[in-house]
Amino acid sequence: MDTLFYKIRSQNHKILRKLSFLMGILLFSASFFSCMTSPQREDCSRELLGSGIKTSAQLVDFFMKHKPDADKEKVSRLAEYYIEEANIEGINSDVAFVQMCLETGFLGFGNLVLPEMNNFCGLGAMDAEHPGEYFESEQIGVRAHIQHLHAYATTADVELKQELVDPRYSWPHRTKFATTVQDLAGHWATDPEYGTKLDNLLNELGLYCK
C-alpha cells in the first residue's frame with residue numbers, strides 16, 4: 001500500500017509540474033500578445049510650450065492610420081521637420097503635428113490653401129483674395145508654423161532662436177494668447193470646438209504599444 005501511495009503521489013506531482021509549466025506559457029503568451037493587439041496610453045501634453053514625447057515613426061503611424069493612401073515619404077519628412085523645428089524653439093511637437101493634421105485635413109487640403117504653398121497651418125488663409133502664405137520649402141513652411149505657435153505661447157520679450165520666416169508673427173506675439181490647445185479656440189481659429197478637436201487628436205496620438 002505504501003508503494004502504491006508513493007507512486008500515485010509522484011504521478012500527481014508530475015502532473016502538477018506540467019500544469020504549472022503550461023500555465024506559465026499561457027500567461028507569457030497573453031502578456032506578449034496583449035501588447036501586440038491592445039494599445040496602451042502615453043498621454044501627450046496639451047501645453048504649447050515644452051517637448052513632444054512621440055518619435056517621428058509614431059507620428060507617421062498615427063497619420064497613416066487616418067489616411068492610409070497618403071505619401072508616406074512626405075509624411076515622414078514632415079514628422080522629422082516638426083520634431084526638429086519644435087525642439088529648437090521649445091514648442092510641443094506633438095501639438096504642432098496634430099494641428100497640421102487638423103488644418104490640412106491630413107494633407108488633403110481642398111480649401112484656399114494648396115499643397116504647393118507648403119502652408120501647413122492655414123497662415124493668412126482668409127478668402128479668395130487672401131488664400132494664405134506661400135513658403136519656399138516644406139521645412140520653411142513647418143518652421144513658420146512653429147514660429148506662429150511660439151508667437152501665441154510666449155510674451156514679446158521671448159525671442160526666436162532662428163531667423164523669422166512667419167510673416168504674421170508680430171501680431172499675436174504682442175500678447176500671450178494661449179498656453180494650451182484649448183486656448184487656441186477663438187484666437188487661432190474662430191471654431192469654438194477647435195481646442196476640443198486638437199485635444200481629441202492628441203488623445204488618439206497618446207495611444208501606443210510598448
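How many of the 16 residues of α5 are buried? The count is 15, which leaves this helix mostly covered. The close-ups below come from a predicted model, in which local features need pLDDT of at least 70 and side-chain atom pairs count only at pLDDT 80 or more, while totals for chains, interfaces and linings use all residues. Residues are numbered from 1 along each chain as its sequence is written, and side-chain values use heavy atoms, without hydrogens and water.

View 1. Helices here are DSSP runs (H or I, at least four residues), numbered from the N terminus. Buried means under 20% relative accessible area, exposed over 50%, and partly exposed in between (1.4 Å probe, protein chains only).

**View 2. Phenylalanine 62 meets phenylalanine 106.** Seven aromatic pairs turn up in a search of the whole structure. In this one, the ring centres are 6.1 Å apart and the planes stand at 50°, so the pair is tilted. Rings of Phe, Tyr and Trp (its six-membered ring) pair if their centres lie within 6.5 Å; planes under 30 degrees apart count as stacked, over 60 as edge-to-face and the rest as tilted. Phenylalanine 62 sits in helix α2 (residues 56-66) and phenylalanine 106 in the loop between α4 (93-104) and α5 (138-153), so the pair ties together parts 44 residues apart in sequence. Phenylalanine 62 is buried at 6% relative accessibility, and phenylalanine 106 is buried at 13%. Look around them for the cluster: ring pairs link Phe62, Phe63, Tyr82, Phe97 and Phe106.

**View 3. Helices α3 and α4 cross.** The axes of α3 (residues 72-89) and α4 come within 9 Å and cross at roughly 140°; axes are lines fitted to C-alpha atoms over the stretch in contact, with angles from 0 to 180 degrees between N-to-C directions. That makes the two helices oblique, as angles under 35 degrees count as roughly parallel, over 145 as roughly antiparallel, 65 to 115 as roughly perpendicular and the rest as oblique. Residues in contact (heavy atoms within 4.5 Å) include Tyr82 and Ile83 of α3 and Phe97 and Met100 of α4.

**View 4. Arginine 168 in its loop.** Arginine 168 lies in the loop between α5 and α6 and is partly exposed, at 36% relative accessibility. Not counting residues up to four places away in sequence, this arginine touches Leu123, Gly124, Glu133 and His148.
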